[in-house]
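Colleague: I am new to this structure. Could we talk through it together?

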Amino acid sequence: MTVLFAPNVADEAAALLTRLGVSPSAFTGGDRSVRSPITGEVIAKVHDVSPAAAAAAIDAAHAAFLAWRKVPAPRRGELVRLLGEELRAAKADLGMLVTLEAGKTLSEGLGEVQEMIDICDYAVGLSRQLFGLAIATERPEHRMMETWHPLGVVGVISAFNFPVAVWSWNAALALVCGDPVVWKPSEKTPLTALGVQAIFERAAARFGDAPAALSTVLIGGREVGEALVDHPRVPLVSATGSTAMGRAVGPKLAARFARSLLELGGNNAAIVTPSADLDLTLRAVAFAAMGTAGQRCTTLRRLFVHESVYDGFVGKLKSAYGSVRIGDPRDPDTLIGPLIDEAALNAMQRALDDARSAGGRIAGGESVKGPGQGHYVRPALVELASQAEVVRRETFAPILYVMPYADLDQAIALNNDVPQGLSSSIFTLNVREAERFLAGSDCGIANVNIGPSGAEIGGAFGGEKETGGGREAGSDSWKAYMRRATNTVNYGEALPLAQGVRFDI
Ligand code: UN1
């Protein structure tokens, strides 16, 4: 493997952070070490916020809410427009910082920033379209309508694998909806969060009269997340991460009647039917299963291939697995970067051991030498006769379980027969099969002739069952960030009661 870059990832990260406008005091001298998965080396030392300081920051965000909610929504949209402009200007630096901190290929790091820009554009338009309904009323000279109002401070808890885009799906909508955002990024990716905060502050300065504390980053561990989840002035927490995290966070929010928007585990399947365009399918499966080193919540993890095309298709897929380029994610030729850390590698090896015990035939999965101490692996393709227990759990690593099927209804039932329900796909040129799958998949996302990952921001993003039920980004997801009021106005002189009730005094 050739290393084409400054060997010292720490210097590269420091240069990027400085260019993004982050003060060196924010990423040096702290107690929390940040490692780059590219080489495993420590690239920064950030400062944890104390739970008391976190609570004070949330109070400040609430004060910002009291002012921001009075600003007309299209004017709030102007702030998000400026944020989109600043993100465009910072795209190259922030994209590379995502690569250094999360280990994604540079193309994917830049794609993630593009996703932030896209949601900003979307939210700017939305800022003039927070529509309510006019509703027919049974009473004469009355008018009934539905109006939408700012909700309050929105807490965002995000995961390492989309260290900046997930914040933006929430923040761009929350800000136009009139809500400040308090963000607890993953412990593994605080640097990109600091970079985003610096970008936001530039947008806020250009905006002019934005209240302070509209956007806050809280660096820290579990206690900081808990401060956000427990604070009575946070009416909504949007949390992305594991199902275990959701099980901890969801009930706590429910106990204080706060809203939760949960994006948890995925265990996404695709079905390859006899009529599929197999060349297209091969490319789609390769990206969905191996891209981002298998570390997307939408990663393809289960593949059901019709027995009539199984041998030919799986043979080609195995060669793709054998030849895919693994290495330094800054190298433009690399398709697979490192796993995030050693724990991810261990979880992958445990899953492969379990798959072997279940009778799985494994191709790939071995460690590959990369730069420094990074954890690089060849993606694994595991052939199994049926959906064993290991297949039903999400392992956040590049493992694709491949199983044959005979009948489409059986394959759709297998698609659904896991605890998670995020994304799913079918590859077919047969309209009946496509429609049966779209109606039959129990996931929040169901696709035809594209893989389950790589969703655009225009649609609502999220899934069912243990995936948590939340919806972020497009469609009418904005409604989660607002309070709905039903308003009835009597413009007559009489006081007719609904349902014909009489109460004459
Ligand atoms: C995630 O992995 O947490 O659809 C989100 C996709 C991306 C988002 C993934 N747009 O793969």
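This is a predicted model: local features need pLDDT of at least 70, side-chain atom pairs count only at pLDDT 80 or more; totals for chains, interfaces and linings use all residues.

Colleague: Which other residues have an N or O atom at a listed distance from a ligand oxygen?

Modeller: Cys-297 has a backbone N or O atom 2.7 Å from an oxygen atom of the ligand. For Asn-161, a side-chain N or O atom is 3.1 Å from a ligand oxygen atom.

Colleague: And which residues are around the ligand?

Modeller: They are Glu-115, Asn-161, Phe-162, Trp-169, Arg-296, Cys-297, Thr-298, Ser-453, Gly-454, Ala-455 and Phe-461. That shell is made up of 5 nonpolar, 4 polar and 2 charged residues.

Colleague: Which domains does the shell around the ligand draw on?

Modeller: At least three of the shell residues come from each of domain 1 (52–264 + 468–485) and domain 2 (268–448).

Colleague: What sort of space does the ligand take?

Modeller: The ligand takes the space of the second largest pocket.

Colleague: Changing topic: how many cavities of 30 Å³ or more are there?

Modeller: The count is 2 cavities of 30 Å³ or more. The largest cavity has a volume of about 70 Å³.

Colleague: Which residues are closest to the centre of the largest cavity?

Modeller: The largest cavity is lined by 13 residues, and Ala-102, Gly-103, Lys-104, Thr-292 and Gln-295 are the closest to its centre. By type, the lining of the largest cavity divides into 5 nonpolar, 6 polar and 2 charged residues.

Colleague: Where does the lining of the largest cavity come from, in terms of domains?

Modeller: Domain 1 (52–264 + 468–485) and domain 2 (268–448) each give at least three residues to the lining of the largest cavity.

Colleague: What about the second largest cavity, and which residues line it?

Modeller: The second largest cavity holds about 40 Å³ of space. Its lining consists of Asn-267, Arg-301, Arg-393, Thr-395, Ala-397, Ile-399 and Tyr-401.

Colleague: How does the lining of the second largest cavity divide into nonpolar, polar and charged residues?

Modeller: There are 3 nonpolar, 2 polar and 2 charged residues in the lining of the second largest cavity.

Conventions:
Residues are numbered from 1 along each chain as its sequence is written. Side-chain values use heavy atoms; hydrogens and water are left out. A residue is near a molecule or strand if one of its heavy atoms lies within 4 Å of it. A polar contact is a pair of N or O atoms within 3.5 Å; within protein, one must be able to donate a hydrogen and the other to accept it, and residues adjacent in sequence count only if both atoms are side-chain atoms. On a 1 Å grid over the protein atoms alone, a cavity is a set of points where a 1.4 Å probe fits but cannot get out, and a pocket is an open set with protein on both sides within 12 Å along at least five of seven lines; lining residues have an atom within 4 Å of a point. A molecule sits in a cavity or pocket if more than half of its atoms lie within 2 Å of its grid points. Ala, Val, Leu, Ile, Met, Phe, Trp, Tyr, Cys and Pro count as nonpolar, Asp, Glu, Lys and Arg as charged, and the others, Gly among them, as polar. Domain bounds come from an automatic or database domain assignment. Grid points are joined across faces, edges and corners, and a volume is the space filled by probe spheres set on the points.
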